[in-house]
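Here are a few notes to read alongside the model. Take the points in order, and keep the 3D view open as you go.

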Amino acid sequence: DDGLYYWHVRASDGGINSSFSVARSFVLDRNPPSISLVFPLNNTNLTTSNTNFTWNATDNLNYNIYCNLTLDGSANVSNFLSQNGNNTNYTVLNLADGVHYWNVACFDLINANTSITRQFTIYTVDSPSQMNISLDGNNVSTIIRWNNVTKAGSYNVYISTNYSAGFSSTPNNTGITSLNFTDNNANSSLTRFYKVGAVNGPAENISDTVVGKIQPQQMYNGFNLLSWPLNLTNYILNDCGNNGYNPPTQPINCIQSLYRYNGSKFQETTNDGGVWTPAIGDSDFTLLEPLKGYWFEANSSCNVTFLGEVPRFNVTTSLNFTFNVISWNSAYHARLGEEAVLGNPLFVVPSNSFDNIFRYNVSKGTANPQLTGFQGMHHFSGYGWWPFFGDEDFNKLIYGEGYYVEITSSQSNWTHNPNFNN
């Protein structure tokens, strides 16, 4: 039988004298290691360029086994220790797309053996990195566009009407071979969000970027305090020659003026058929700004649709006036109340420098928003936010609305977290 043997020789003179030689040993091993390839399986498809190879080598004698992994005809790793009877793992990074062949050769103290050769195929693809969203000419259907992705044979589109609920793992539309998609059902919900996956064979890589549309409550004829909850591709207002931004509405161009507060006065820009012109003395009001709230003056009851990229990253801004008009730039609502329970979506330095926050309730307002229609909450140090008497329905920040914040210091640095979700 195979195994370890010891031997020595005894010599005798035929009389009373004898002696033994030094004991020696030898191994009889007539059986090479047996090799079982575990992963990748034969003819399997992989969707990552980093591949974990697994095999199991066994030997009839309990000695260490050393193995060589051969990949596409060349040794990738040599003399790799494999414990007898246990799975051995070795990862190869950055393999190219395409068909690959692999086997494992193992040897014990004397014998060597090579496994069968298996093949596998790698498919990888990047995700779309650039996306934008717009409306068709009637401001009804949404049009999603994205960049061309190398190796992508087609694209999938994922749609959600509730950003907090996330997206289904099953795409809503598949096999798209162009670089755009028109959603003719976009008007069926007030909010709609989109992701795009690039597809190469069995591989799919879905964009981190999400674009969407948010349609807040209907604007009333008169003044409405709103803000852009999504990041715009272009913040410059259309002046007829710059192909700038004109807020899409139904009916079209129902916003007759926009107003912003610069710390000392309100500035105005007016809309004439989609062309925006600053009022006299307000010539610098030619673009919109993130994290800013605006007064929308509508000439009728109508709807505005906000389009853009869902914010993902924190932004810190300095508020330098006693009253500042801000936005809640997020696809989540954020509840205000006891911060030990709900957290604090309005993180500021110095702490507690946000004293009061106000919103304009259109249903309670009139055409003079500076006098009526405001609801407020006060911030109590050590507790959080509490609504003013009669304003109990004001208990959260809502995307699409604008807010006044009153600060207690000469400057307050607000870090806006668009991912705050309580």
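**Notes on salt bridges and a sheet**

1. Let's begin with Asp97. At a relative accessibility of 30%, Asp97 counts as partly exposed, because that class covers values between the 20% limit for buried and the 50% limit for exposed. Please keep in mind that you are looking at a predicted model.

2. Which residue does Asp97 meet in a salt bridge? The partner is Lys151, and the side chains of the two come together at 3.3 Å, N to O. Lys151 sits in the loop between β15 and β16, while Asp97 belongs to the loop between β10 (87–92) and β11 (98–107), so this pair ties together parts that are 54 residues apart in sequence. As a general idea, side chains of opposite charge can pair when their charged atoms come close.

3. Stay with Lys151 for a moment. The strands on either side of its loop are β15 (142–146) and β16 (154–160). Is Lys151 buried, partly exposed or exposed? Its relative accessible area is 45%, so Lys151 is partly exposed.

4. Now look at the surroundings of Lys151. Leaving aside residues up to four places away in sequence, Lys151 touches Asp97, Thr124, Val125, Val199 and Asn200. The side chains of Lys151 and Thr124 are joined by a polar contact of 2.8 Å, and a polar contact of 3.3 Å joins those of Lys151 and Asp97.

5. How many salt bridges does a search of the whole structure find? The search finds six. Another one of them joins the side chains of Glu289 and Arg260, at 3.6 Å from N to O. Glu289 lies in the loop between β26 (275–278) and β27 (293–298), and Arg260 lies in strand β24 (residues 255–261), so the pair links parts that are 29 residues apart in sequence. The two partners fall into separate classes: Glu289 is partly exposed at 35% relative accessibility, whereas Arg260 is buried at 10%.

6. With 4% relative accessibility, Asp282 counts as buried, while Lys265, at 36%, counts as partly exposed. Salt bridges with shared partners also join Arg260, Asp284 and Glu289 into one network.

7. Finally, please turn to the sheet. Five strands form an open sheet, in the order β31-β38-β34-β35-β36, with antiparallel pairing. Which strands are at the edges? They are β31 (323–327) and β36 (384–387), each of which pairs on one side only. From one strand to the next, the twist averages 30°.

8. To see the pairing up close, follow β31 and its partner β38 (residues 402–407). These strands pair in the antiparallel sense over five bridges. A handy place to look is Val325, which stands opposite Tyr404 in β38.

Key: Residues numbered from 1 in each chain as written. Predicted model: local features only at pLDDT ≥ 70, side-chain atom pairs only at ≥ 80, totals over all residues. Heavy atoms only, no water. Pairing = 2+ DSSP bridges. Helix = DSSP H or I, 4+ residues; strand = E, 2+ residues; numbered from the N terminus. Axes fitted to C-alpha atoms, helices over the stretch in contact; angles between N-to-C directions. Buried < 20%, exposed > 50% of the residue type's maximum accessible area, 1.4 Å probe, protein only. Contact = heavy atoms within 4.5 Å. Polar contact = N/O pair within 3.5 Å; in protein donor to acceptor, adjacent residues only side chain to side chain. Salt bridge = Lys/Arg side-chain N within 4 Å of Asp/Glu carboxyl O.
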